Amino acid sequence: MKRDFKILAIGNSFSQDCTVYLHRLSGLYARNLYIGGCSLERHARNIAGNLAEYEFQKDGVPEKETRVSINSVLGEGWDAVTVQQCSVLSGMQDTYEPYLGQVIAAVRAACPSAEIIFHQTWAHVKGSPSPEFYDSYRGDTAFMTERIVAASEKAATDHNLRMIRTGEAVAFLRETELFGDLCRDGFHLNVCGRYAGAFVWTKFFGVAPSRFVPDGADPATISRIAEYLDGFLADKR
């Protein structure tokens, strides 16, 4: 990988969670296009209208003083661009198209040398404030995970994209019962969860993680998360 490899996430708060610690863990240059809860449909509409509605984030905070459009930053020489569905729709396959195809087409037209990568998000847990978690997923974390995995696999396969399996990794860590649900509010990741997300992205891009430990996190817990994820991701190769 070249030293100045650049990653752009077309996402929302879930890509924000995964990129807050990414540079400190990997050294990778990563930026996040952020609108809270932004769906593929809204991304596609924003591209079509060239709407400047996004925070351009570095380490989870705005880097630019004004909001930007997707179109305005796609020409900045990205090596990888990630795409994802919003959390509550991520397990509903019928919400992906035609919008995912439209976003991918726009990225390929503006940034033909970039690899487009699908980012798989994670399920909500009990206590989530989202009505859709209960209405569409029965308030069942395992069921939502199952739906997300199926929908994301189809989306990635249909468009011949590699996938960052953050959702499956978070589910795996939850199943160990060593780290809790990794959430701070029922769906967004807490400090350890954000570390886990950044670790999955770091390994996906073939970088050896640093010894970074987030402020407020127990170093022994962080070390154990890294150990468990190393084993999980090795099995996914």
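Me: Leaving aside neighbours within four places in sequence, which residues is Ile 117 in contact with?
Reply: This is a predicted model, so every value here is computed from it. Ile 117 is found in strand E6, and with a relative accessible area of 0% it falls under the 20% limit and is therefore buried. Leaving aside its neighbours within four places in sequence, Ile 117 is in contact with Ala 80, Val 81, Thr 82, Val 83, Arg 162, Met 163, Ile 164, Phe 204 and Phe 205.

Me: How many Å apart in space are Ile 117 and Ala 156, C-alpha to C-alpha?
Reply: Along the chain, Ile 117 and Ala 156 are separated by 39 residues. In space, taken from C-alpha to C-alpha, the separation of Ile 117 and Ala 156 is 8.1 Å.

Me: Which residues of H5 are buried, and what arc do they cover around the axis?
Reply: The buried residues of H5 are Leu 100, Val 103, Ile 104, Ala 106 and Val 107. An α-helix has 3.6 residues a turn, so residues three or four places apart point the same way.

Me: How far apart are the end C-alpha atoms of helix H5, and what span should its residues have?
Reply: Helix H5 runs over residues 99-110, which makes 12 residues. At 1.5 Å a residue, H5 should span 16 Å, and this agrees with the distance between its end C-alpha atoms, which is 17 Å.

Me: Is Ile 70 buried or exposed?
Reply: The place of Ile 70 is in helix H4, and, not counting residues up to four places away in sequence, Ile 70 touches Ile 10, Leu 33, His 43, Ile 47 and Tyr 54. The relative accessibility of Ile 70 is 0%, and because the limit is under 20%, Ile 70 counts as buried.

Me: Which residue meets Arg 194 in a salt bridge at 2.8 Å, N to O?
Reply: The structure holds 10 salt bridges. In one of them, at 2.8 Å from N to O, Arg 194 meets Asp 17, and this pair links distant parts of the chain, with Arg 194 in helix H9 and its partner in helix H1, 177 residues apart.

Me: Which helix holds both Asp 158 and Lys 154?
Reply: Asp 158 forms a salt bridge with Lys 154, and their closest N and O atoms are 2.7 Å apart. Asp 158 is partly exposed at 46% relative accessible area, and Lys 154 is partly exposed at 43%. Asp 158 and Lys 154 are 4 residues apart, about one turn of the helix, and both lie in helix H7.

Note on methods
Residues numbered from 1 in each chain as written. Predicted model: local features only at pLDDT ≥ 70, side-chain atom pairs only at ≥ 80, totals over all residues. Heavy atoms only, no water. Helix = DSSP H or I, 4+ residues; strand = E, 2+ residues; numbered from the N terminus. Expected span 1.5 Å × (residues − 1). Buried < 20%, exposed > 50% of the residue type's maximum accessible area, 1.4 Å probe, protein only. Contact = heavy atoms within 4.5 Å. Salt bridge = Lys/Arg side-chain N within 4 Å of Asp/Glu carboxyl O.
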